[in-house]
Amino acid sequence: MFSATDHGYMAQALRLAEKGLYGTSPNPRVGCVLVRDGKAVGSGWHKRAGEPHAEINALAVAGAAARGATAYLTLEPCSHHGRTPPCAEALIKAGVARLVTAMKDPNPLVSGRGCALMEEAGITVQTGLMEAEARELNIGFITRMAEGRPWVRMKIAASLDGKTALNNSVSQWITSEHARRDVHRLRARSCVVMTGIGTVLADDPQLTVRHIKTSRQPLSAVVDSRLEIPVDASLLRGAGELIFTATASEGKILALHDMGARTIVLPDENESVDLAGMMRRLADFEINEVLVEAGCRLNGALINAGLVDELVIYLAPYLLGDRARGMFKLAELTDLAEKRPVKIRDLRMVGPDIRVTARFS
């Protein structure tokens with residue numbers, strides 16, 4: 001169905017889409033290559049929400065050469081008026097003859113309509129080339145559209161025996177500078193970096209991207225059932241931070257509001273934060289990817305609630321002993337049949353540390 005040439009140009013489009021890894025949210029990352037007479041005549045990628053989409057950037061480069069070309073797109077062209085006009089109509093107007101897409105757009109506002117518009121205009125449409133790679137690139141956007149929640153990635157820095165801090169709470173630094181810099185790439189691709197109030201009180205983290213170049217900072221979110229966050233916490237930068245709580249303390253909420261933070265009261269039956277409701281609310285805010293950097297209590301609670309999709313664990317070549325703090329606060333198992341399976345997706349060295357990437361199956 002698809003030739004080696006098709007694969008080559010789609011791979012090029014995927015590499016272009018990846019250039020938008022840190023900047024396109026809440027939009028998907030998309031790349032486009034226009035090919036005519038065996039030669040690429042235009043290419044582009046989506047850089048930021050509100051700016052031209054990949055197709056428009058590629059058409060601007062190609063000009064009149066787009067007529068009769070094949071468009072290689074990592075995602076179905078949009079068919080609705082959002083922040084920008086429909087790209088399907090722009091491709092039709094430019095006179096492309098063939099469209100090859102990696103996947104259909106899961107956005108219900110599109111969901112096949114972009115391809116249908118082009119077929120109605122007499123354009124040959126083929127879908128599914130390198131779909132797995134395209135889905136990985138936009139896994140958060142797809143999860144939000146399909147499941148009404150963001151993709152949740154949990155990062156943990158631990159010793160080789162699985163400890164994240166000493167019993168006296170000292171945790172800086174277990175892993176190397178190489179691992180810490182690698183974490184900033186995870187932060188940069190995320191829409192939100194989330195932590196718990198325990199981590200805020202113990203470490204006063206910034207949760208910002210500092211070691212790599214990025215056009216935006218992710219939002220910070222704190223799970224704080226009793227609204228204990230200090231108003232001078234480092235992560236309160238007046239950039240729209242999100243505080244999820246179970247306590248409707250009007251005075252504290254107003255104080256946080258004056259600092260630019262948004263407090264969302266979501267109690268569950270145990271007077272803790274409704275974690276599933278929190279994830280749905282984040283999807284309402286157009287959050288695609290959440291990076292959790294928290295302690296064992298919040299880590300365990302999110303896993304127990306079935307709200308974690310991916311683990312990224314950095315293991316340092318040290319032993320901290322059985323009295324040190326673990327990664328997750330989970331109930332004791334009495335039968336190995338109760339063990340939680342994960343699928344290891346990637347295993348590699350980052351400096352002297354081991355990075356394990358796993359997903360819940």
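This is a predicted model: local features need pLDDT of at least 70, side-chain atom pairs count only at pLDDT 80 or more; totals for chains, interfaces and linings use all residues.

A: The strands form an open sheet, and reading across it the order is E11-E10-E9-E8-E12-E6-E13-E16-E15, with mixed pairing. At the edges you find strand E11 (262-265) and strand E15 (342-350); each has a single partner strand, so one side of each is left with no neighbour in the sheet. Going from one strand to the next, the twist averages 20 degrees.

Strand E6 (residues 151-159) and strand E12 (residues 289-292) run in the parallel sense and pair over four bridges.

On to the five-strand sheet. It is open, its order is E2-E1-E3-E4-E5, and the pairing is again mixed. E2 and strand E5 (124-127) are the edge strands, each pairing on one side only. Ignoring direction, neighbouring strands here are turned against each other by 15 degrees on average. E4 and E5 pair in the parallel sense over four bridges, and Thr101 stands opposite Thr127 in E5.

Which helices sit on this sheet? H1 packs on it and touches E1, E2, strand E3 (70-73) and E4, with its direction at about 145 degrees to that of E1. H4 lies across E4 and E5, running at about 150 degrees to E5.

H4 leads us into a chain of helix contacts. Helix H3 (residues 87-94) packs against helix H4 (residues 113-120) at an angle of about 20 degrees, with the axes 9 Å apart. Angles under 35 degrees count as roughly parallel, and H3 and H4 are therefore roughly parallel to each other. Their crossing is right-handed. Ala88, Leu91 and Ile92 make the contact from H3, while Gly114, Leu117 and Met118 make it from H4. The residues of that contact split into five nonpolar, one polar and no charged.

H3 also packs against H2, at an angle of about 25 degrees and with the axes 9 Å apart. That makes H2 roughly parallel to H3, but this crossing is left-handed. Here Glu55, Ile56 and Leu59 in H2 meet Cys87, Ala90, Leu91 and Ala94 in H3. By class, six residues of the H2 contact with H3 are nonpolar, none is polar and one is charged. Notice Leu91: this H3 residue takes part in the contact with H4 and also in the one with H2.

In the unreviewed UniProt entry, the annotation "binding site" covers His53, Cys78 and Cys87. These residues are spread over 35 residues of sequence, yet they cluster in space, with a largest C-alpha distance of 9.3 Å. His53 is placed in the loop between strand E2 (39-45) and helix H2 (54-62), whereas Cys87 is among the H3 residues that meet H2.

Finally, two backbone details in the loops. Ser25 and Pro26 are joined by a cis peptide bond, with omega about 10 degrees, and Pro26 lies in the loop between helix H1 (4-18) and strand E1 (31-36). Then there's Ser111, in the loop between strand E4 (98-101) and H4. Its phi is near 40 degrees, a positive value in a residue other than glycine.

Note on methods
Residues are numbered from 1 along each chain as its sequence is written. Side-chain values use heavy atoms; hydrogens and water are left out. Two strands pair if DSSP finds at least two bridges between them. Axes are lines fitted to C-alpha atoms, for helices over the stretch in contact, and angles run from 0 to 180 degrees between N-to-C directions. Angles under 35 degrees count as roughly parallel, over 145 as roughly antiparallel, 65 to 115 as roughly perpendicular and the rest as oblique. A crossing is left-handed if the near helix is turned anticlockwise from the far one by less than a right angle, and right-handed if clockwise. Contact means heavy atoms within 4.5 Å. Ala, Val, Leu, Ile, Met, Phe, Trp, Tyr, Cys and Pro count as nonpolar, Asp, Glu, Lys and Arg as charged, and the others, Gly among them, as polar. UniProt positions are given in the numbering used here, feature names are shortened, and annotations may be inferred rather than shown by experiment.
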